[in-house]
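Reader: Could we go through the interface in this model? Please give the cut-offs along the way.

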Amino acid sequence: MAKFRVAGNTVINIDDFTGGARNLSSYIDTITPGLGKQQAVLDVTAFADSAERFIAGIEESQSWTVQGHFDDTASTGPDAVLAPLVGTSGTTQFNPVGTASGARQFQCEAICTFYRITGAVKERVSFEAGFQQDGTMTVGTN
Amino acid sequence: MGKFYSNALRLYWGGFNPGTATTSAALGLVSAVVDDTSWGDEAESFTPTLRQDTLTWAGIFDDGSDSMDAAATALLGSSTNNVLSFLVGTGTGSIAYAGTIIQTVVRAPVTFNELVRHEAEFQPDQPWDRGFSYGEATSITTATGSGTTGTIDNSAISTATAAWYLQVTTGSFGAGTAIVYLQAATTSDWIDIATAGGINARTSVRVLTTGSAGTIHRRTRMRVENDGTSITIAGVLSRSPSSPT
């Protein structure tokens, strides 16, 4: 069994507006609240039950935010990739512990719901972008 | 190309430059989504709908001629002269977001033993246009009569349509001052493609241009026309779309 630090391992690829995957791992430093798979449950408790009972419902859509330092690199930087994505859908691929064979991978289609540039005195210029999962999350490996 | 410290940010609005008293700002490109999940879906499904872009601003209260206080006095609630330009970097080619916007709120929070603060809220009335700037201090000086600037951008790359955003911050003008935008496929066949009239200090202008064949060449100029008075304009010019990739 192994444990992993984030830096140097976590990889995230997001489709740009042409549909090409862009590795934004060099720019993103936070994913909130994280990415995984989420299932709804439905209460089917009845009179005869001595404890609550549930059945699985539909897979729930997750929403998440990526954040990092603003960078104006053309074509592959976060501003060039994320700004044109707002309101469009593309593939997000998240590799929390790297891309070695067998490492965990999460992949889904997601709508970019916002892209924001922030600047506060004495701080770096930062960006954040929000996504809404659309459809199923595929949990697999590299 | 690279990363930026917050002192690289610039904000111009209606020809005012309140950036010197800014402590924080956030520009947002936002899309609403609607749930279109149906019985046949294994997972929740969504569709994007309206753009709902945002801008927030906070700073230190300043009573200068370029301040947010002066700008709000002139522009609060206005739908004219209401272009806002948000630049990351000051050099030619810096990323510039621009668009028309309405200021909805301005307030001055006060707390004992602290500086008087300033806050403003805005409602963009178009999606933010991502483009690039020609530098923070595009200067044009022309003698009596029509004048021609030096070339702003001389690349041979072409792009279809463009939106130009000009912030005129200072200068002395004649009653008939206008800005004319020109394009050229080569260095010698300049043609006028759009004119913005009524240019004066504290003016912001948005002009849409298209070439005769549906494309606009990136080789561009900006010419000032006046009614006989020698004028100088200082301001910020940006253009979207951004550099073709």
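Reader: Which side chains meet in a salt bridge?
Author: Those of B:R130 and A:D79, with 2.5 Å from N to O; a salt bridge here is a side-chain nitrogen of Lys or Arg within 4 Å of a carboxyl oxygen of Asp or Glu. The count between chain B and chain A is 1 salt bridge. Please note that this is a predicted model, where local features need pLDDT of at least 70, side-chain atom pairs count only at pLDDT 80 or more, and totals for chains, interfaces and linings use all residues. Residues are numbered from 1 along each chain as its sequence is written, chains are lettered from A in the order in which they are written, and side-chain values use heavy atoms, without hydrogens and water.

Reader: Which element of chain B gives the most to the side that touches chain A?
Author: Strand 2 of chain B, with 10 residues; strands are DSSP runs of E, at least two residues, numbered from the N terminus.

Reader: And what does strand 2 pair with?
Author: Strand 8 of chain A (residues 104-120) pairs with strand 2 of chain B in the antiparallel sense over 7 bridges, where pairing requires at least two DSSP bridges. In strand 2 of chain B, B:A26 stands opposite A:T118.

Reader: Changing topic, how many residues are in contact?
Author: In chain B, 33 residues are in contact with 37 residues of chain A, contact being heavy atoms within 4.5 Å.

Reader: And how much area do the chains bury?
Author: About 2900 Å² between them, 60% of it on carbon and sulfur atoms. Buried area is the accessible area (1.4 Å probe) lost when the two parts are put together, summed over both.

Definitions and conventions. Helices (H or I, at least four residues) and strands (E, at least two) are DSSP runs, numbered from the N terminus.
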